Amino acid sequence: MSAAESRYQKLRQHLHYLRLEAAAEALPQELERARKGKLSHTAFLERLLAIEVSATEARRLAGRLRFASLPAPWTLQDFDFDAQPALDRKLVDELATLRFVEEAANVLLVGPPGVGKTMLAICLARQAVEAGYRVYYTSAAELAARCHRAALEGRWQTAMRFYCGPAVLVVDELGYLPMQAKAAAALFEVVQRRYLKGSIILTTNRGIASWGQIFDDPMIAAAMLDRLLHRSVVLQIEGESYRMRAHRATSEALRAAARR
Ligand code: ADP
Ligand code: MG
């Protein structure tokens with residue numbers, strides 16, 4: 001083996017040892033390119049490491065996406081603003097900058113069923129994942145059930161730490177089911193612990209004035225609202241249900257077809 005060849009083998013070993021697998025794989029072609037293009041050492045090394053950096057970024061993004069458990073792949077590009085003319089688009093654009101995540105502010109999406117609350121929550125969550133934040137999606141019912149199980153199994157603190165970890169926690173569908181005292185206490189503790197530390201994106205079909213009815217305890221409702229609202233953006237989504245629109249379009253198409 002020539003000296004040059006053994007040095008090449010060593011270089012490959014170094015890359016593997018450092019687990020720079022993408023760089024190791026690209027090495028022959030990048031060496032060839034550097035030779036042909038007479039690249040400087042700096043330019044060659046920069047290119048090789050850029051390849052490793054992209055591979056690492058892609059792997060981390062995939063990991064964050066998996067962890068986030070978003071129930072749908074929607075992004076803001078999929079959101080049809082024309083269908084919801086009452087929605088404050090400027091505010092949504094502002095939220096999409098993710099400044100609220102930096103400020104650990106909350107986003108409350110309030111409105112009747114079918115108007116796109118969950119979709120908007122998922123789109124913002126997705127945006128945060130792509131920007132590098134840790135995000136976790138759960139429904140209010142699931143959060144309550146998981147905390148209940150954790151309490152029975154002596155893992156309450158672990159569950160609390162889990163829900164405090166992500167920079168953005170989506171709590172979907174608060175208010176669809178009435179919350180028992182224990183469930184309300186779990187949600188309250190999550191809200192309390194995240195207060196001023198991490199964002200919550202919460203969706204609910206209940207107007208804020210009627211939150212007392214979601215929880216058995218009006219004191220808990222008031223204390224929770226206090227913390228949620230202190231630093232928050234409230235998006236009221238009125239307008240008609242997007243689902244109903246789709247149903248209506250389908251039934252109109254069926255009717256039209258029947259007339260033919
Ligand atoms: P909510 O959570 O308010 O009940 P969803 O977010 O689940 O409503 O929306 C219901 C359905 O309608 C979903 O399939 C969603 O993708 C669709 N949808 C709602 N609003 C829009 C919108 N503005 N643009 C595109 N799809 C929408
Ligand atoms: Mg929903």
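1. Helix α9, which covers residues 181-194, is where A184 is found, and in this predicted model the residue is buried, with a relative accessible area of 3%. Setting aside neighbours within four places in sequence, A184 is in contact with M179, F215, I220 and M224. A further reference point is G207, which stands 23 residues from A184 along the chain, the two C-alpha atoms being separated by 17 Å.

2. The secondary structure of the protein as a whole comes to 11 helices and five strands. Its radius of gyration is 25 Å, well over the 18 Å that the globule rule gives for 260 residues, and the protein is therefore more spread out than a compact globule. Taken along the principal axes, the box that the C-alpha atoms fill is roughly 80 × 65 × 30 Å.

3. Among the contacts with a separation of 6 or more, 78% are accounted for by residues 24 or more positions apart.

4. Which residues are the closest to ligand 1? The ligand is surrounded by 15 residues, and the closest of them are D80, G114, K117, T118 and M119. Helix α6 (117-130) and helix α11 (242-259) each supply at least two residues of the shell, and α6 gives the most, with three residues.

5. A polar backbone atom of D80 is 2.8 Å from a nitrogen atom of ligand 1, whereas for G114 a backbone N or O atom lies 2.7 Å from an oxygen atom of the ligand. A polar backbone atom of G116 is likewise placed 3.1 Å from an oxygen atom of ligand 1. Taken alone, ligand 1 exposes 560 Å², and the protein buries 86% of that area.

6. F81 has its place in the loop between α3 (41-68) and α4 (89-96). Is this residue buried or exposed? With a relative accessible area of 13%, F81 is buried, and apart from residues up to four places away in sequence it touches L76, L87, R89 and V92. Between F81 and M119 there are 38 residues of sequence separation and, from C-alpha to C-alpha, 12 Å in space; M119 is itself one of the residues closest to ligand 1.

7. R126 is found in helix α6, the helix that gives the most residues to the shell around ligand 1. Although arginine counts as charged, R126 has a relative accessibility of 16% and counts as buried, because the limit for that class is under 20%. Not counting residues up to four places away in sequence, R126 touches L65, L70, P73, W74 and T75.

8. The side chain of R227 reaches the backbone oxygen of A223 at 3.0 Å. When neighbours within four places in sequence are left aside, R227 is in contact with N106, F188, V191, Q192 and Y195. I51, by contrast, is 176 residues away along the chain, and the C-alpha atoms of R227 and I51 are separated by 44 Å.

9. Most residues other than glycine have a negative phi. K38, however, has a phi near 50°, a positive value in a residue other than glycine; K38 is found in the loop between α2 (21-37) and α3, and at 74% relative accessibility it counts as exposed. S69 also has a positive phi, of about 55°, although it is not a glycine. S69 lies in the loop between α3 and α4 and is partly exposed, with a relative accessible area of 35%.

How values were computed
Residues are numbered from 1 along each chain as its sequence is written. Chains are lettered from A and ligands numbered from 1 in the order in which they are written. This is a predicted model: local features need pLDDT of at least 70, side-chain atom pairs count only at pLDDT 80 or more; totals for chains, interfaces and linings use all residues. Side-chain values use heavy atoms; hydrogens and water are left out. A residue is near a molecule or strand if one of its heavy atoms lies within 4 Å of it. A polar contact is a pair of N or O atoms within 3.5 Å; within protein, one must be able to donate a hydrogen and the other to accept it, and residues adjacent in sequence count only if both atoms are side-chain atoms. Accessible areas come from the Shrake-Rupley method with a 1.4 Å probe; for residues, only the protein chains shown count as cover. Helices (H or I, at least four residues) and strands (E, at least two) are DSSP runs, numbered from the N terminus. The radius of gyration is taken over C-alpha atoms; the globule rule is 2.2 Å times the number of residues to the power 0.38. Contact means heavy atoms within 4.5 Å. Buried means under 20% relative accessible area, exposed over 50%, partly exposed in between (1.4 Å probe, protein chains only).
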